[in-house]
Amino acid sequence: MSVAFAGNSTMSPSREAGPLRVMIVDDSVVIRGLISRWVGAEHDMEVAASLRTGLEAVNQLDRINPDVAVLDIEMPELDGISALPQLLAKKRDLVIIMASTLTRRNAEISFKALSLGAADYIPKPESTRETSAADIFHHDLIQKIRHLGARLRRKPAVASPPLAPASPAAPAARAPAVARPAPAAAAPTLSSGPLTTRAFSTQAPKVLLIGSSTGGPQALMALVTELGPVIDRFPVLITQHMPPTFTTILAEHLARSSRRPAAEAVDGEPVKPGRIYLAPGGKHMRVARSGADTVIALDDGPAVNFCKPAVDPLFTSAIDIWHGSILSVILTGMGSDGMRGGKDIVAAGGSVIAQDEASSVVWGMPGAAANAGICAAILPLNQIGAKVNRLFAGDRS
């Protein structure tokens, strides 16, 4: 998933220095007021406009010229999913974050919005009077605006191809594109110089663990289309930072994309080859021993790395079961979740692959792993699946 979008833009990309200009579009005066106060309190962003309907946003976009739009799904006159393509047609590089309450219908619409070019989504709390829910919404929204907006300003002002529309019945080969990868020969670099990698483990992997966050749903759907041979023979466990209901929908999409069983993990169920286990929203997923079996262990403990589910608990718990026979993949996402667990996996003799910066929506999680020096490979998304298949088939290079 890329945050530069196709369209015949009549507007110049706004990458000049200065605060990120944020357009808030929501029919709730309370939500508009909250987000406006939060954005206004940040030194690196400002409220460009606060609007009630999608129609107002479309009609006033040329005048407002925002960098980021927070777009509600349910609005009068023109709802968010209808306004989305019209906004992107006017400004191809506009970063749009969809906002919705945690209903199944809105989760489905949010996934559709990602396939139509939205950069990300964020769940709105049912009630802003619940302090903890409002605090999480506040933290996550500001982080998404900041990181997605920063990526926009780093990108050259060129058009990107549109994302392929997602269809509930779409075959695996038509999974949505995620981002244009870097050339295969390009070495991953940072301003401080080339990143270093280590050798892959000499131990044959017996399980595949995947962690992802911002940009993860599209990346996961693209990746699992290539992992059929691995899924058939080995367990695959995924932690994606995502709330309840959304993980239910994601599991259904992963099943369609992979053509393999995929579901939210259930506490106590055996971990076996042939299926994908997805951490359910709001619960950490670990693995544990139960007699001779390996089983799922869910818990409702505190957030880890500001996330629940978090990647580190899964990565760390897997070491007691599979020791050094672990291959872990860290995909696009904000923050550094997965890096500490990845360090533990490498120390136990396993291996870590990170998605490269060019194909990541946000190079936070994979970048943290890459900079920690724990990765055996740092690859564009469209090369990860083939590499994973080769490693599980016996290639150790």
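Mentor: Happy to! Two strands pair if DSSP finds at least two bridges between them. Keep in mind that this is a predicted model.

Trainee: Is β14 covered or open?

Mentor: Mostly covered: β14 spans residues 326-330, and five of its five residues are buried. I326, S328 and I330 point one way, while L327 and V329 point the other way, and all are buried.

Trainee: Which sense does the pairing of β8 and β14 have?

Mentor: Parallel, over five bridges.

Trainee: Changing topic, where does T214 lie?

Mentor: In the loop between β8 (207-212) and α6 (216-224).

Trainee: Why does T214 count as buried?

Mentor: Because its relative accessibility is 3%, and buried means under 20%.

Trainee: Nice. What does T214 touch?

Mentor: Leaving out residues up to four places away in sequence, T214 touches D120, K144, L148, T332, G333, M334, V361 and V362.

Trainee: Now the open sheet. In what order do its five strands come?

Mentor: The order is β2-β1-β3-β4-β5, with parallel pairing. β2 (45-51) and β5 (120-124) are the edge strands, each pairing on one side only. From one strand to the next, the twist averages 25°.

Trainee: How many bridges are there between β3 and β4?

Mentor: Five, in the parallel sense, with β3 at residues 68-72 and β4 at residues 95-101. A69 stands opposite I96 in β4.

Trainee: Which strands does helix α3 touch?

Mentor: Helix α3 (residues 80-90) packs on the sheet and touches β1 (20-25), β3 and β4. The direction of α3 makes about 180° with that of β4.

Trainee: Last one: what's the mean pLDDT of the protein?

Mentor: The mean is 87, and 84% of the residues reach 70 or more. Over residues 1-14, though, the pLDDT is below 50, and that stretch has 65 contacts in the model beyond near neighbours in sequence. Residues 157-192 also have pLDDT below 50, with 73 contacts beyond near neighbours in sequence.

Trainee: Great, thanks for the tour!

Terms used:
Residues are numbered from 1 along each chain as its sequence is written. This is a predicted model: local features need pLDDT of at least 70, side-chain atom pairs count only at pLDDT 80 or more; totals for chains, interfaces and linings use all residues. Side-chain values use heavy atoms; hydrogens and water are left out. pLDDT is the predictor's confidence in each residue, from 0 to 100. Contact means heavy atoms within 4.5 Å. Helices (H or I, at least four residues) and strands (E, at least two) are DSSP runs, numbered from the N terminus. Buried means under 20% relative accessible area, exposed over 50%, partly exposed in between (1.4 Å probe, protein chains only). Axes are lines fitted to C-alpha atoms, for helices over the stretch in contact, and angles run from 0 to 180 degrees between N-to-C directions.
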